[in-house]
There are 2 protein chains.
Amino acid sequence: MTVDLTTFETVCQRMRQAALYTSSADALEWDERTGMPAAAGEYRADQVAELRSAAHALKTGAAYGEALATLKDQLDDEDPHGDISTTIRELHRDWCRDSRLPVDLVARLSVATVRGQQAWDAARKNDRFGDFRGALEQIITLKRDVGQRLAEGTSSSAYEALMDEYEPGASVAALTPVFADLKQRLTDLITRITDAPRQPRVELLSREYPIDAQRRFSAQIAHAVGFDFDRGRLDETSHPFCTTLGPQDCRILTRYEANWFPGGFFGTLHEAGHGMYEQGLRDDWFGLPPGSYVSLGIHESQSRLWENQVGRSLPFWKWLYPSAKSAFPDALDEVSLDELYFAVNHVRPSMIRVEADEATYNLHILIRFELEQALISGDLSVDELPMAWNEQYQRCLGIQPSNDAEGVLQDVHWSAGLFGYFPTYTLGNLAAAQLYAAAVTDMPDLEHDFSRGEFERLLHWLCERVHRHGRCYSGAELIKNATGDELSADHLMDYLESKLTPLFGL
Amino acid sequence: MTVDLTTFETVCQRMRQAALYTSSADALEWDERTGMPAAAGEYRADQVAELRSAAHALKTGAAYGEALATLKDQLDDEDPHGDISTTIRELHRDWCRDSRLPVDLVARLSVATVRGQQAWDAARKNDRFGDFRGALEQIITLKRDVGQRLAEGTSSSAYEALMDEYEPGASVAALTPVFADLKQRLTDLITRITDAPRQPRVELLSREYPIDAQRRFSAQIAHAVGFDFDRGRLDETSHPFCTTLGPQDCRILTRYEANWFPGGFFGTLHEAGHGMYEQGLRDDWFGLPPGSYVSLGIHESQSRLWENQVGRSLPFWKWLYPSAKSAFPDALDEVSLDELYFAVNHVRPSMIRVEADEATYNLHILIRFELEQALISGDLSVDELPMAWNEQYQRCLGIQPSNDAEGVLQDVHWSAGLFGYFPTYTLGNLAAAQLYAAAVTDMPDLEHDFSRGEFERLLHWLCERVHRHGRCYSGAELIKNATGDELSADHLMDYLESKLTPLFGL
């Protein structure tokens, strides 16, 4: 390879500097969503906007772009997935993307989304969509502008260009038939399950689970599966998420409800899965493509795999059952292992995406996928959104939210400007099932580990197959290399059928 | 006034931008000292250094300095304490000071002090001064360099130039005799008290005070005296402090010990006093001199006034006694109001500055004042420091620490590069007594308020006399305007004599 290493080092140094600003802004946003005083929001938005502008200025800049173009020309095909090739290829890709966005648009979007999240949080608490309406409209206008600028001169729509930020290479045209097929197969399965004579006692999960006890229990399980608390924290917030504030500083956030055990527990496992991906990235490449996650779909595959393939498996509950009984002696008094296992695998159409079961979950995503395309294209106005939301729920899940707080206001995403983000959740579910099947093929006795509370082999496998590669391979390439196949819906459907069919006595 | 308002606005805008970086760095440091994962320290130091460098670059810069010089030339004597005059005068002063320090020195100091605080925290926990030694030596070398650069061309010593950052206008020559006089009068009083036949039952305060109950109680009192939780938070850390992360975001931090009630309680009142000063500054001038605190001595006067003149008064305890009894029923069972009031006003030489009583407190400061002058001048080496510390304690207080953790490692200041900071504590004590005496002169029935749990009149008085002026007047001018007198030790000695003499039956 004939790459000029001095130029290469300069470029890396600049991106490491940008990462200092980005990660500082992420820290301020973490604080905003954990404990910042209510009145401090306005100034916080200014702080975050300033830091993100500084990062954006470093990531754009004509001379920097030229240096990347020169480096890219020097690359040969010798080691396309090596760290140096990856760094140059991906930074050049990022530069082309970022340079299309003027600094002031980025700054306005940053302010609008910080304020948007504040407005959303208040609107959700008070169940008043009107309090969020204006902020959302502003965000959509700005994101449409972003999408149009990114799509200019390509065959992509504005929405597709937005989605490409989260899932590089994904296209609406390719996703639509896969999602349609998945919807059909899921709907069939859910109908069979809904009509099944055997049903779990879901009320077990809505008994009194004291929040203090949930806190201790969740932290203990996050630790047990492999989330490293020396390099991370677990906190609480209104909408769970995972954020990384430095190479040794991953923060996961969850929320507990006293009368709904799965919310906090599986939420924590989910975020711990995200966190372990972040903690499995290589520290020495922090802020650079080889040390960054490859796509949100792959990120979500890690959270869903720990939440579902592991966390809702029988071996896992064989191990956890005694601890759960002792953590929640009142709620689980006289509840058998089989009853508990069946309950955490219940399937029933419900309002809240983050609390949906594995089978209905993807229907929640498909609703959002359709609505957000229409919002960005302008086919749907913000005023029409709440009604459109409710109609979609009626059509897909046969239920309607009783108010906007449990309807259109339930997710933080749009308030944060995350359009094109939702489909990555379903991609993640497909990838989780496919990766897990490959892990079990590689280690046929893997699930014995879980029944002994051991998870190291699985985490190591994921780290070697996924985490450590950063952006050296695309999401699709990672899946192909790890599983031998292209991504498909078959593994998810096989997994659901083989677990749920015996449980519901089908 | 003939000031060019366009230039003035440009200058203000630049400083508002600098404040975004400074306050973001402060937020990262707050996080570092409340809950950041242990392994994250190294990267955090880099983040803080980058943000402080960005702020420093904005605060220096030749063209900016020229703009300030031009504005300063345009100033007449018409309204020297107005917001515009103050902004120009003080920013010019800051610029002259900051421009003497090269960016890389500031950055190195920032890294050294972030790491220094981490090293100190670990050294203190393990009682191993050696683990902090190297970091401290590096900080002293850098601070000496800073002091020498600031003092260049003036008659000040390096130490005095460092002190000027915290207490503009203060000189070692002026302080030394005041402190010597104070030392003499305090030593006399303490000797009389130590020999007094009447002594309080201090053991009341080291009974079991459950930390959860202390947390609730302290937060309730901070709120009652006027700390605004809509614009602030109260958290816990290893060394209490107060920091402001935005115009509506003041954070105070305390620490609780189950077997020492005054530590957490008076610590909280103290930090609440600092916080109320910050919350009393004018928001619309945030990041500019009219909205900034004037000096650390004045800052400390606010914390000490609430901690001591209010918090250790009989009317205050008349009000608080029933709540205290109900918050700590076991510890305060059969303890009378008089006994409790006497106990919180105990006087006895002790090891830890932040837990020292009002009478001995200033002796702790005088020790540090002498030692840090010697460290900066080079008369004392870091290796000699622990022994010199212990000798001073023996000489001034008649006691010796049993280990370095309760000796030389007890304070965070030096690890954070804060040399020249300690004397402001004693200045604050003098100012607190003098301001409080003036408030009582203005409102003779003021203490009746306290016995009803009302503190608004006092807070309002302080806000009008001190807080709202920011840097429009110097600390000395503020005291003169508010009290009619120059700052002296007489008010502190009068206050101590008149409270302690009857209590100890002298």
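**Ground rules.** I noted that this is a predicted model, where local features need pLDDT of at least 70, side-chain atom pairs count only at pLDDT 80 or more, and totals for chains, interfaces and linings use all residues. Residues are numbered from 1 along each chain as its sequence is written, chains are lettered from A and ligands numbered from 1 in the order in which they are written, and side-chain values use heavy atoms, with hydrogens and water left out.

**Interface.** I went on to the elements behind the contact (heavy atoms within 4.5 Å). In chain B, helix H1 (5–32), helix H2 (41–59), strand E1 (232–236), strand E2 (241–246) and strand E3 (249–254) each supply at least two residues of the side that touches chain A. Helices (H or I, at least four residues) and strands (E, at least two) are DSSP runs, numbered from the N terminus. H1(B) gives the largest share of that side, 11 residues.

I then looked up salt bridges, each a side-chain nitrogen of Lys or Arg within 4 Å of a carboxyl oxygen of Asp or Glu. There are four between chain B and chain A. One side-chain pair, B:Asp31 with A:Arg251, has N to O at 2.7 Å.

Next came area, meaning accessible area (1.4 Å probe) that two parts lose on being put together, summed over both. Chains B and A bury about 2500 Å², with 57% on carbon and sulfur atoms. On the chain B side, B:Leu20, B:Tyr43 and B:Glu50 lose the most, together 24% of what that side buries.

The same surface serves both: 100% of the contact residues of chain B recur in chain A.

**Cysteines.** I found zero disulfides (cysteine sulfur pairs within 2.5 Å) over all chains. For B:Cys12, the nearest cysteine sulfur, in B:Cys472, is 12 Å away. The sulfur of B:Cys250 is 3.8 Å from that of B:Cys242, too far for a bond.
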